[in-house]
Structure formats: structure tokens, C-alpha cells
Amino acid sequence: MESYPAVENHGLIGDLQTAALISTDGTVDWFCAPRFDSPSVFGALLDHRKGGHFQLSPDGIDYTSKQLYLPGTPILITRFHSADGVGELLDFMPVTGAQATDRHRLIRLVRMIRGSMPFRFDCQPRFNYGRDPFELEVHPEGDVFRSQTLTFTLAPFKDAKGLIDEGAIRRDAQGVSARITLHAGDIGGVVLETACPHAPRAFSTEEACELLAETRDFWRRWVGRSRYRGRWREAVERSAMTLKLMTYAPTGALVAAPTAGLPEQIGGQRNWDYRYTWIRDASFSVHALLKLGFTDEAEKYLLWLDARIRDARDPDLPLQVMYRIDGSPDLPEEVLGHLEGYRGSAPVRIGNGASGQLQLDIHGEALNSLELADRNGLIAPYEGWRKTAELMDWLCEHWDRPEDGIWETRSGRQDFTYGRMMSWVALDRAIRLAQRRGRPGDTTRWTTERNTIYEQVMTRGFHPGRQAFVQHYRTDILDASLLAMPGLGFISPMDPMWESTLRAIDAELVSDSLVYRYDPNASPDGLAGTEGTFSMCTFWYVQALAQAGRIDDARLTFEKMLTYSNPLGLYSEEIAPTGAQIGNFPQAFSHLSLISTATHLDDLLDQQG
């Protein structure tokens, strides 16, 4: 168990097609190639013995370490301090571009700032989640790891070879390892390259530094396009870069997280694969991206969404909850029984069975993003609108069905209040789009169904005994997803029914400013165990407080939430009662809601003067 670093003790790097997590001790313990949703090459996060790792860290000495990003970039710097010296490790991935490729580079550059320090280099890949064997080939300028599914080369910097005693290099069935000692001014490093078409070629330190500069300049130019100049610029820009790192450039699809299997409770069963694109998450990202002025990224995702709507064929489920990053719909869920899971949290699942669930709310999130984009000049093409209108006709027929809900419960379908409300949002936004652009659509029917949904939610979704809107029509359980109601225009934040709902959530789901989604003990969701507070819900709570006129409470809650990020400004899905981060990491939901909340709160505070 002690071999697993805390979730928050990691930094994220990436090249816009895949990503890697690197711990504060300099170990790459999560890396999938060639895409986010490909099998892992290094997966020590899910099994420290069988998962594989790529270590470059001080060896045999007492040391402390700190991580930071090179300002304005996702280039990760890990600093090692010992009594005898200070060393730095820079990890980065040169940006690959918008053409899908199997070829990716992970560059690890280590330099000694002062004194001296021994380092251990240890590369032990485990292809295909540790299921595929590999062969190791030795070449004059590096090594080749070859499996049946993936090949990568590993080459040290050519002008740093003198730092490594060839006789100290060990090659065996596990991988390649070596021990080196660096002195002040020494620079060394190694380049890992997947699907390299030629034999390993050692880079010069100068070449590596040129790639470092190119990567730095790319990211600084990109984040420099942000028009956010508010109170929380550092946190907002870091969140924007994190979302960009989790976006698959060839299609514009945003993964919910670059990891799989990280538990919502240590030792629990709530361990899901999030390396896919949820309609809900990515639609929320449109709001965040447009707020910051990243119109190109919003437009590319909208084209991806338009393609999913156009591809809809299943009359029972025309729009899936999630897809692979290339838009393919098949995500069969399986258990990797040979992996023990993060700190013993089994089962480890890949794929995601929730892709076949009925979640009515996704139509609302999709249409809300399309309507917002339209107001910003991103107008849907004819064929996309035609299929969207057909989707709204389908929703008119099916909105009153029991469903699986936003939280993807596995305990049976219910009449979830949030799903009904978001169906109202979908029809309301479709009506606005049709009227604004003079587009064809059965707006008379859409209006009738929209109004029927509204009356149903107001009469059946509100529990007279609790004086609150509740999770579904057959319960008195509260649900934090309903914090979105006033922000979406469904109800006035000053309506007595909403004010009493907010008081009930305050009393029952909020714990020192952090917000639980719901109480799984009171509302069984088909899974054993509990979970932490949900970071996105906490940000929604801030917005709800602000909309209700509680600006000071909102700002304090937001500032408290900022303290729960890791030192790099990254958030997982949830916060444990201890304050530790749990769940998949980093989480798009958390970062996009941080951006939306910061910009909204800024506007309200500016209005106060």
C-alpha cells in the first residue's frame, strides 16, 4: 500500500493526443499510448508491481521534492533537495498537432543545480495493462521495447552518455535500469518515443532544449489568447491548460479524465474508466471555453457533437451518454482481474458500461451548449440542425420515461428530477434556436412538451415535507445536481421553493463548504461503499449562493475550494473527508466548473463595485 503515492502527488503532461502522470518522486506511473483511451504502457497507479513504471529519481539518499509548472505551460518541473545538492527534472511532451498519430515523445531532462546527487533510472514498461510480453532490443544509441501491440524506443542524450557508466546499465526481462551521479552543471536526459519508424537515435542536449523551447512557446501563445483578467487568473489559466491537455486534438473531443480505475473510496468498488468523452462534460466545456475566448476549441468540439447527432441511428437511444474520442460508440466494460487496483481498490475496470444507459439530461446539456454557441456566432449547419430537430421530436416522445440519471446509478431507473429539468432545458433552447434563426421545427409541439415538463417538475419534483426539490419523484432524498436549477433559468433564485431547497442542501449535503452529490446510504445506487464530496457540485454551490445574493458566502466558499487543489492547481473528481483528492485525476468536470464559477463570481463582484 505504501508504494502508491497520493493521487494529488502527481503532475500532468501531454501532447494533445495522450498524457502522462508523474509523481513527486519523478516516476511516470500512468501513460497510455497512442491515445488517451489506449491501453497503458506504464500503469503503476493501478498495480505498483504489475502495472509498469518509468522512474528517474534520487537514489539511496534522504531527499524532499516539490513540483511546479514552468509558468504559462504544462512543462513539469520536479525539484529534489538533499543535504548535498539540488537537482531538477523537467518532463514534457512536444505537441503532436491535429493529425492522429501513433508517434509520441516523452522527454525527461535532468540537471544538477548545485552539489551532487545520485539518481536511479528504471524503465519497466508493461504493455496492454500488463497483459502483453515484450522483447528488448539493444541498439548503438538506445533500446527498443517491442510488444505485439506497441513499440517504443528509449535513448539517452548523446552528449550526456559520459555521465552513465555503460557497465552500470542493467537490461533484463523487466526493463532497463542504471545509476548515475550528477554534479553541479551536469545535464542529462532520455527520450521515449512510441512507434518510432527507425532505430533509436540519441538526441543532443541542444535538440532537447530546442524542443523544450518550442513546447513552452506553443503553450504560452495558447494561454495568452485567454481574455480572462479576473481575480483568480492563475487558477483559471491552469484549469484552461488542463482542459486543453485533456482534449484530443484530431477530433476536439474532451476526455472526462486521462485515468481509469482511481477509486472514489480507497478499497471501494466505485472505480471507473473516464478516458472517454461524455456529452455532458464536453458540453459544459463550451461554456468555459467561450467565457475565456477560446472559440476555436469550442467550435471543434461542437463539430464533434454535431457529428454524433448526425450519426444517431438507434431509435431507443439516438444519443449515447459517452463515446470514444474518435466518436466510435463501443465501450464494452471489462474487469482487469490481474491488477490489484490503486491501494487495493478492486475491481479495476476499463471500458464503461454506462455508455448504454438512458440519461435524459444529456440532451439539455447539448442543446444548452449549442444555443450558447449560436449566441456567440457559432451557428449550426443545416444538416446538423435537421438532425437536432429530429432529436427534439424524439425527446418529446421519451422525456417521461424512467432513466439512469446524471450520476449513472446502477440500482434501476427512476424519474430523476434533474433529467426532467434538463429535458425542459433541451426543448427551451431548441425553441430559442428555431425562432432566432428561422429554422424549421415543430416548435408548437416542443412548447407544449416543455410546459408540461415544467409543471411536472414543479409539482412532483418538489417534496412538500422536505420543502425542497428532491432526487426523483419517489423519494425525499436531496441531490446536489439540482443546484443548477436557477443558473439554467428554470427557477428564480429568489423563489421561496428554491430558497428552501438551498437551505435544505446547506443543512444536509454541505460539509464545511464541500458538497456531497447525495447520500448513497439513504439512496442506494447499486454499489457498495461511500464516496467523498464532489468538486463540481461544490463549484455549483458557489454559483447558487451568489445567485441567491449570498455573495460573501459564495466568495469564501470558492476561496476555500481553491485550497483543495494540489500544489500544481489540479483537481480530481472528489475530495475525501481527510482533504485528500480521490477519484480519477485530473477531472475535467472540476476544472471546467472552476472556470465557469470564477467568471460568474467575478461578474457579480464587479457589479457590486
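**A tour of the strands and the overall fold**

Begin by selecting strands E26, E27 and E28, which form an open sheet of 3 strands in the order E26-E27-E28 with antiparallel pairing. Strand E26 (533-534) and strand E28 (581-582) stand at the edges; each has a single partner strand, so one side of each is left without a neighbour in the sheet. Strands here (E, at least two residues) and helices (H or I, at least four residues) are DSSP runs numbered from the N terminus, and two strands pair if DSSP finds at least two bridges between them.

This is a predicted model, in which local features need pLDDT of at least 70 and side-chain atom pairs count only at pLDDT 80 or more, while totals for chains, interfaces and linings use all residues. Residues are numbered from 1 along each chain as its sequence is written, and side-chain values use heavy atoms, with hydrogens and water left out.

Next, select residues 574-575, which are strand E27. E27 runs antiparallel to E26, and 2 bridges join them. Within this pair, Thr533 stands opposite Ile575 of E27.

Display Phe121 and Ala178: the latter, in E14, stands opposite the former.

Arg170 has Ser177 in E14 as its bridge partner. A hairpin through 2 residues joins E13 to E14.

Finally, select the whole protein. Its secondary structure comes to 13 helices and 28 strands. The C-alpha atoms fill a box of roughly 80 × 45 × 45 Å, taken along the principal axes. With 609 residues, a compact globule would have a radius of gyration near 25 Å, and the protein agrees at 25 Å; the radius is taken over C-alpha atoms, and the globule rule is 2.2 Å times the number of residues to the power 0.38.

Colour by accessibility next. Of the 609 residues, 62% count as buried, meaning under 20% relative accessible area (1.4 Å probe, protein chains only). The accessible surface comes to about 21900 Å², of which 48% belongs to carbon and sulfur atoms; areas come from the Shrake-Rupley method with a 1.4 Å probe.

For contacts (heavy atoms within 4.5 Å), residues 24 or more positions apart account for 68% of those with a separation of 6 or more.

Key
Buried < 20%, exposed > 50% of the residue type's maximum accessible area, 1.4 Å probe, protein only.
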